[in-house]
Amino acid sequence: MKSAILATLIGSAAAFAPSAQTGTTTTNLNSNTRPDLWTPTTSYQNEVGAIAPLGFFDPLGLVKDESQEKFDHLREVEIRHGRCAMLAVTGWLTTAAGVRLPGMEAAPFGFKALLMEGLPSEVRGTIPLTLMTVFCLTVFMQDSTGENAFPGDYRNGLIDFGWDKQTTEWQNRKRAIELNNGRAAQMGILGIMIHEQLGNLNDIGLPQP
């Protein structure tokens, strides 16, 4: 279990390592060297998240004939899912390691946490609290003021933390880091859920609930 958590932390840290990605390095990756895939327009092939070795990867052509507005909507959905997935992976690994809030030491983890059979009502009451958290994330993770600088920007003119003072290159690099971590987390939590139901999490170095 410790080795699995360590590997996860190392993988997350690696995403913050210096990257060679820039807005211009993706152009060659989307040239005619891939005749089986459609060649994206210039506005898409230089989007944040188009990285080597695949560049702008859309083999099904989901945004081939779509507008920039539609693309931005899909990118925002991807970012939102990625953020929730990162929270899910972190929460799963934390509870799998045995970390509990006071009074919830006997609470299970994984899918069994949804049942909490035999536990006090105070502990079972955390389920609606969790659902309320999901509801709040859905309601408040929005661009309420129309001031967003890019898809997924939910500062709403309230917080900044020095973001606007940074260069465009720095901002794009941080956005790419979040985007790729979110992609990895979506695959990670899906894999954990599938293997938990298959009952073979131990085979991949994680505890089976």
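This briefing describes the core, surface patch, charged pairs and cysteines of one structure. The model is predicted, so local features need pLDDT of at least 70 and side-chain atom pairs count only at pLDDT 80 or more, while totals for chains, interfaces and linings use all residues. Residues are numbered from 1 along each chain as its sequence is written, and side-chain values use heavy atoms, with hydrogens and water left out.

**Core and surface patch**

- The largest nonpolar core has 11 residues, namely Ala85, Val89, Trp92, Leu93, Ala96, Phe109, Ala185, Ile189, Ile192, Leu201 and Leu206; such a core is a set of buried Ala, Val, Leu, Ile, Met, Phe, Trp, Tyr and Cys residues joined through side-chain atoms within 4.5 Å, where buried means under 20% relative accessible area, exposed over 50%, and partly exposed in between (1.4 Å probe, protein chains only).
- Two or more residues of this core come from each of helix 3 (68-96) and helix 6 (168-198), and helix 3 gives the most, with five residues; helices are DSSP runs (H or I, at least four residues), numbered from the N terminus.

**Salt bridges**

- Side chains of opposite charge can pair when their charged atoms come close.
- The count comes to six salt bridges, each being a side-chain nitrogen of Lys or Arg within 4 Å of a carboxyl oxygen of Asp or Glu.
- Arg75 pairs with Glu78, with the closest N and O atoms 3.1 Å apart, and because the two are three residues apart in helix 3, about one helical turn separates them; Arg75 is buried at 8% relative accessible area, whereas Glu78 is partly exposed at 23%.
- Arg83 and Glu178 meet in a salt bridge at 2.5 Å, N to O; Arg83 lies in helix 3 and Glu178 in helix 6, so this pair ties together parts that are 95 residues apart in sequence.
- Arg155 and Asp160 form a salt bridge at 2.9 Å, N to O, and salt bridges that share partners join Asp153, Arg155, Asp160 and Asp164 into one network.

**A buried loop residue**

- Asn156 is in the loop between helix 5 (126-140) and helix 6, and this residue is buried, with a relative accessible area of 17%.
- The Asn156 side chain reaches the backbone oxygen of Tyr154 at 3.3 Å.

**Cysteines**

- The count of disulfides is zero, a disulfide being a pair of cysteine sulfur atoms within 2.5 Å.
- Cys84 is partly exposed, with a relative accessible area of 37%, and Cys136 is also partly exposed, with 29%.

Technical notes:
A polar contact is a pair of N or O atoms within 3.5 Å; within protein, one must be able to donate a hydrogen and the other to accept it, and residues adjacent in sequence count only if both atoms are side-chain atoms.
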